[in-house]
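Hi there,

I am passing this structure on to you, along with some notes on its charged side chains. Have a look at it first, then read on.

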Amino acid sequence: MEVLSAFQYSLIYNAFSFTFAAMAATTLFLWISRSQVAPKYKTAVTISGLVCAIAAYHYFRIFESFEGAYIFENGVVTATGVAFNDAYRYVDWLLTVPLLLIELVLVMGLSRDETVSKSLKLGFAAALMIVLGYPGEIADDNTTRAIWGTLSTIPFLYIVYELFAGLGAAIENQHPKVRSLLKKARLLTFASWGFYPIVYMAPFIGLEGPVAETVIQIGYTIADLVAKAVVGVLIYLIAVRKSAVESEIADERREAQEALPV
């Protein structure tokens, strides 16, 4: 293994530590806050918390593996000879990426048939995207990386299409008070996911060795924080607002019915 500089080591080390703490804290917040939303949206908030819980576990394992791969003493980084296991990321993504799309579908409050259909299609496409991207991630040459990266892009483009075309009409039919939040959640999901392939392509722009490793680890970590913790909190805010709006509508209908002459 090529040895990282003291700055590179500290940057990655602190990023892993911060992300583990952020994911764990977001998990607790989302699960404790389930009581603040209507029953129909509790599943979406629960899944958001589950996504962060899975990510927290895997970041803990990534952090442990990173500590095992290097020794940092007196400002000098030394490789121990134990390989840094980056496969934890792909195991995490295989579980969490489909759930990220499912939580977005669930919080929209679509019909049962639409919810099941879109969840299955988007979940399968997300899992396929991760599976196809992994061989390229561990490849030693850019040609293999490019082939698998291109294949992984196919389900990614389908997901983007569904986010904007497939869910576009459903979002426009939402109440005005929640429509903007749903659009922000969709945009953040797209932006954070679009960041992954940019990081994936780091070796194609001449980055290699410790520099490439640092860029890839920090890039993926930032994307994870936005896609899981930030979007998870946004899902919760959508659920809270939709619960309040639907409660107001129900109260207005009840008052209207009570005002009718007997």
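Does R145 count as buried or exposed? At 4% relative accessibility, R145 is buried (buried means under 20% relative accessible area, exposed over 50% and partly exposed in between, with a 1.4 Å probe and protein chains only).

Before the rest, a word on the source. This is a predicted model, in which local features need pLDDT of at least 70 and side-chain atom pairs count only at pLDDT 80 or more, while totals for chains, interfaces and linings use all residues. Residues are numbered from 1 along each chain as its sequence is written, and side-chain values use heavy atoms, leaving out hydrogens and water.

R145 has a partner in E137: their side chains form a salt bridge at 3.1 Å, N to O (a side-chain nitrogen of Lys or Arg within 4 Å of a carboxyl oxygen of Asp or Glu). E137 is buried too, with a relative accessible area of 13%. There are nine salt bridges in the structure.

Another one pairs R89 with D224, with 3.3 Å between the closest N and O atoms. R89 belongs to helix α3 (residues 87-107) and D224 to helix α8 (residues 209-259), so this pair ties together parts 135 residues apart in sequence (helices are DSSP runs of H or I, at least four residues, numbered from the N terminus).

D224 also bridges to K228, at 3.4 Å between the closest N and O atoms. Both lie in helix α8, four residues apart, or about one turn. K228 is buried at 1% relative accessibility, and D224 is buried with a relative accessible area of 1%. Through shared partners, salt bridges join D86, R89, D92, D224 and K228 into one network.

Best wishes

Notes: Helices (H or I, at least four residues) and strands (E, at least two) are DSSP runs, numbered from the N terminus.
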